Amino acid sequence: MSFPIHRLPSSSKGEEVANFIRFEIISGKFQTGDKISENFIASTYNTSRSPAREALRILQYEGLVSLERMGAVVHGMTRKDLQEINDLRLLLEGFCMKKCAKEGDESLFALLNFLLEQMKISAKKNDLVEYSLHDIAFHEAIIEASKHKRFMNVWKGIKNIVVTTLLIATEKRMEMAEEEAEFLVKKYEDVKHEDIVETMQKKDMEGIDRTLRIHFEDTRKTVLDILFK
């Protein structure tokens, strides 16, 4: 799988390079303990050393590398790391969903239903990248609508790891499926994002907890169990 860099926004060359390296760390091209020099990054990704340093600082913040003089050492991404991110998302998104449910913002529900339709269209087109980006946009919309600044900062710190692992895991699972199109349509049906919207509209707090636990259990199966199979 070539990383779909052109479909992921980045505000600088350093962020773009970080996107590539993050993908190669999580996909296993770079192993734990590998050393990556600024010169290697500059020559490999056709950039100068300043964006290379920026990329390494981003990846250090995400816990994927530790900085050394003129480069970095790869820490990698373990199953425990991803499970902890999953746990964090469960707590964070549960709070945000309940807050949004209490406020009953119809414009948010309209946006979520629009994103659900886009996911369905992507599934039918067998476009795993588009599907995954709409999936992330669905969850991000809820976090943004909660207007909780600190939670939004936490989300921004893990978002790129979540996107990258989702893309890698989805492609791997598709490779195991007999019919790729049927797999994505089935994935769309299994995730049941509609249930999340429905419980929020009903202000059903227990339902939100229940639905979210089911959703993240599905995430564990479709992401963690595939990446570390």
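At what angle do the axes of helix α9 and helix α10 cross, and within what distance do they come? The model in which this can be read off is a predicted one. In it, α9 covers residues 193-201 and α10 covers residues 205-227. Their axes come within 9 Å and cross at roughly 165 degrees. Angles over 145 degrees count as roughly antiparallel, and α9 and α10 are therefore roughly antiparallel to each other. The crossing of α9 past α10 is left-handed. On the α9 side, the contact is made by H193, D195, I196, T199 and M200, and on the α10 side by G207, I208, T211 and H215. Sorted by class, the residues of this contact are three nonpolar, five polar and one charged.

Helix α10 also packs against another helix, α4, which covers residues 79-103. The axes of α4 and α10 come within 10 Å and cross at roughly 155 degrees. That angle makes α4 roughly antiparallel to α10. The crossing of α4 and α10 is right-handed. From α4, the residues in the contact are R79, L82, Q83, N86, R89, L90, E93, G94, M97, K98, A101 and K102. From α10, they are M205, I208, D209, L212, R213, F216, T219, R220, L224, D225 and L227. By class, the contact of α4 with α10 has ten nonpolar, four polar and nine charged residues.

Next comes helix α1, residues 13-26. How many residues of α1 are buried? Ten of the 14 are, and the helix is mostly covered. The buried residues are G14, V17, A18, N19, I21, R22, F23, E24, I25 and I26. Just after α1 comes G28, which takes a positive phi of about 100 degrees.

These helices belong to a protein chain with ten helices and three strands. Read from the N terminus, the order of the elements is α-β-α-α-β-β-α-α-α-α-α-α-α. The chain has 229 residues, and buried residues make up 48% of them. Among the contacts in the chain with a separation of 6 or more, 70% are between residues 24 or more positions apart.

Methods
Residues numbered from 1 in each chain as written. Predicted model: local features only at pLDDT ≥ 70, side-chain atom pairs only at ≥ 80, totals over all residues. Heavy atoms only, no water. Axes fitted to C-alpha atoms, helices over the stretch in contact; angles between N-to-C directions. Helix = DSSP H or I, 4+ residues; strand = E, 2+ residues; numbered from the N terminus. Parallel < 35°, antiparallel > 145°, perpendicular 65-115°, else oblique. Left-handed = near helix turned anticlockwise from the far one by under 90°. Contact = heavy atoms within 4.5 Å. Nonpolar A, V, L, I, M, F, W, Y, C, P; charged D, E, K, R; others polar. Expected span 1.5 Å × (residues − 1). Buried < 20%, exposed > 50% of the residue type's maximum accessible area, 1.4 Å probe, protein only.
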